[in-house]
Amino acid sequence: MTTPSPTPAAPIGRIPVLDVGPSAENGRWPTKAVVGEAVPVRATVFREGHEAVAATAVLVAPDGTDHSWAPMVDVSPGNDRYQAHLVPDAEGRWGFRVEGWSDPYGTWRHDAVLKVHADVDTELMLTEGGLLLQRALAELELSEAQAQVLRDAVTALDDRSRPPLARLAAGTSPEVQQVLAEVPLREYVSASATYPLVVHRERALYGSWYELFPRSEGAYRDEQTGQWVSGTLRTAAERLPGIAAMGFDVVYLTPVHPIGTTNRKGRNNTLTAEPGDPGSPYGIGSAAGGHEAIHPDLGTFDDFDHFVARARELGMEVALDIALQASPDHPWAKEHPEWFTTRADGSIAYAENPPKKYQDIYPLNFDNDPEGIYAAVRDVLQVWIDHGVTLFRVDNPHTKPLTFWERILADVAASHPEVIFLAEAFTRPAMMRTLGMLGFHQSYTYFTWRHSKEELTEYFTEVSGDLAAVMRPAFWPTTHDILTPYMQQGGPAAFAIRAVLAATASPTWGIYSGYELVENVARPGAEEQIDNEKYEFKPRDWEEAARTHGITELLTRLNQIRRAHPALQRLRNLTVHPTTDDATFCFSKRVPAEHSPTGQADTVIVVVNLDPYTTRESLVHLDMAALGLDDQDEFTAHDELTGETYAWGPVPFVRLDPYGRCAHIITVRHR
């Protein structure tokens, strides 16, 4: 066995370029973007002495050619930290690099201004300026208009009949500086390595998800037998227009496969199922088939294809839950017992997450036959891709080997780059981040448990900062597994508050069916709903949902606002603003005109009362620069939730009532 040794370091460049980002393990894996997203590229660039230094960020197209470049700006004076934004315009495997270079014009301009104003070496400095611009004319590829600007400056610099300060002004004019910013004169160019950047379609970053148990839609109790009759994929399709009307982009189905009967769970996760209890859809597999099959009660593949087609007619995509585990009745358990863990007594180990026990589920053991399991799972994914599934919500990926995920995600991406994977990984930060680096497009997050102003400030700053290059967060206020004490106790106001936060802070957000009805009663001792839909049918009165609480109207309006504002469709542009009240939280998102699909800047301010019980008042200290405004500017604040407008300045006053107006969603309009 050979002993690994470090790769020899490349020689340092003439102009050092260090700490390039965004980077996943120094380029081991690609960082992420979507088409049209502005990617912030940073690097430390410096040189010896006092000569001017500059840097350029270069975007490398999938074919290996240089696509575009952007001048970098010193964002931390004194620390030599430079930044620029690059915008890929197509899907694929891109790259970027940073080039540091000596700036002879910048050096001359700095020295000439000092010396000519002090009348030190005046004529020499003006002569050197003229020669430098002549060199630029000879070496650079300039348009005729650009060349004429430099020729006029050379003429003025050489004209000794004019006052020295006038000649200097001609050589340092804004017009000359603009030309040499657009086509710079560069010396000692030193390039970094090229770092990988994978560019996905827009849905990988931006979308509104709606979770659905298809068996509950259209389910009813037979009056003669007293037994429940399952809903079907056809009856579930009848719910799709209502979901689309609320503005959701993705309808997410929990597993649709046959469910085992051995150790089937009863209502509320009891160990004994009563006759007619449908069991958990996560106890996958029976004599009717496994992961590649549809539960007979739900219908056939023709019915599934109808569901997908109807969703697409309504402008939605279909996501499917993938849970890599098996019921004791799964064909895999019969045909491949080696795919599971056998205990000392000869029994197959069921799943546990102490204190939780899942006696109806066998977890796969990926070490026993990794090639066999890989082939089976890859075949399963292909079945559903072939039937129109374009997104997968992966159950507990952090309990499977990362080597498995790295391989299978790359395999699917190579043949189906449109397919998106969402990691349901409520686990340690290192694992969540690594799953993102390996290829998961999105991840569930700890947003669900972050409620105070301090917690939200820290978490929003984290997920929209450097972490955004590898892990895109999906914000869910609740799931079929999670109902936090805040949601249990806060009533309709809590559901409204958390919906506003989730929909505006993250480009991807989702709700679990029943959110509209404020389903907030927990099973005693658990952070999940009582009468949980995982273990029983749960038909709902959607007409009642439209009549009560106002949550349906709020969800609809939030999705309308998201679609209207490019700023809310991006992640790396979030700024938290201080408030004087400890339960009033404020953040903004901004897309400048040059990065906006509309060609116009878009700035949104969100102010939320986090207290679901009490009206709160606060001053908000706005970071005006983050809003694209000067420190003392006043602007028209248009509230997208109510249609009202206000005159706001740097420190507006807000008063928010959780039962009537729990939040402002403000569009900034320049006065």
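Predicted model: local features only at pLDDT ≥ 70, side-chain atom pairs only at ≥ 80, totals over all residues.
**View 1. Eight strands form a closed barrel.** The order of the 8 strands is S11-S14-S15-S20-S21-S22-S23-S24, and the pairing is parallel. From one strand to the next, the twist averages 30 degrees. Strands of a sheet pair through backbone hydrogen bonds, and the pairing can be parallel or antiparallel.

**View 2. Strands S20 and S21 run parallel.** S20 spans residues 391-395 and S21 spans residues 420-424. The two strands are joined by 5 bridges. One of the pairs to look for is Leu-391, whose bridge partner in S21 is Ile-420. Both S20 and S21 belong to the closed barrel of the previous view.

**View 3. Strands S25 and S26 run antiparallel.** S25 is made of residues 574-577, and S26 of residues 584-591. Between these strands there are 4 bridges. A hairpin of 6 residues connects S25 to S26. Leu-574 has Lys-589 of S26 opposite. In a regular strand, side chains alternate between the two faces of the sheet.

**View 4. Helices H3 and H4 cross at roughly 160 degrees.** Two packed helices are described by the angle between their axes and the distance between the axes. Here H3 (residues 144-158) and H4 (residues 164-171) have axes that come within 8 Å. An angle over 145 degrees counts as roughly antiparallel, so H3 and H4 are roughly antiparallel to each other. The crossing of H3 with H4 is left-handed. On the H3 side, the contact involves Ala-153, Ala-156, Leu-157 and Asp-158. These residues meet Arg-167, Ala-170 and Gly-171 in H4. By class, the contact has 4 nonpolar, 1 polar and 2 charged residues.

**View 5. Leu-456 is a buried residue in helix H13.** Helix H13 covers residues 453-464. Is Leu-456 buried or exposed? Leu-456 counts as buried because its relative accessibility is 0%, and the cut-off for buried is under 20%. Leaving aside neighbours within four places in sequence, the contacts of Leu-456 include Phe-447, Arg-450, His-451 and Thr-461. Arg-498, Leu-501, Phe-585 and Leu-610 are also in contact with Leu-456. Phe-587 is 131 residues away from Leu-456 along the chain, and the C-alpha atoms of the two residues are separated by 10.0 Å.

Definitions and conventions:
Residues numbered from 1 in each chain as written. Heavy atoms only, no water. Pairing = 2+ DSSP bridges. Axes fitted to C-alpha atoms, helices over the stretch in contact; angles between N-to-C directions. Parallel < 35°, antiparallel > 145°, perpendicular 65-115°, else oblique. Left-handed = near helix turned anticlockwise from the far one by under 90°. Contact = heavy atoms within 4.5 Å. Nonpolar A, V, L, I, M, F, W, Y, C, P; charged D, E, K, R; others polar. Buried < 20%, exposed > 50% of the residue type's maximum accessible area, 1.4 Å probe, protein only.
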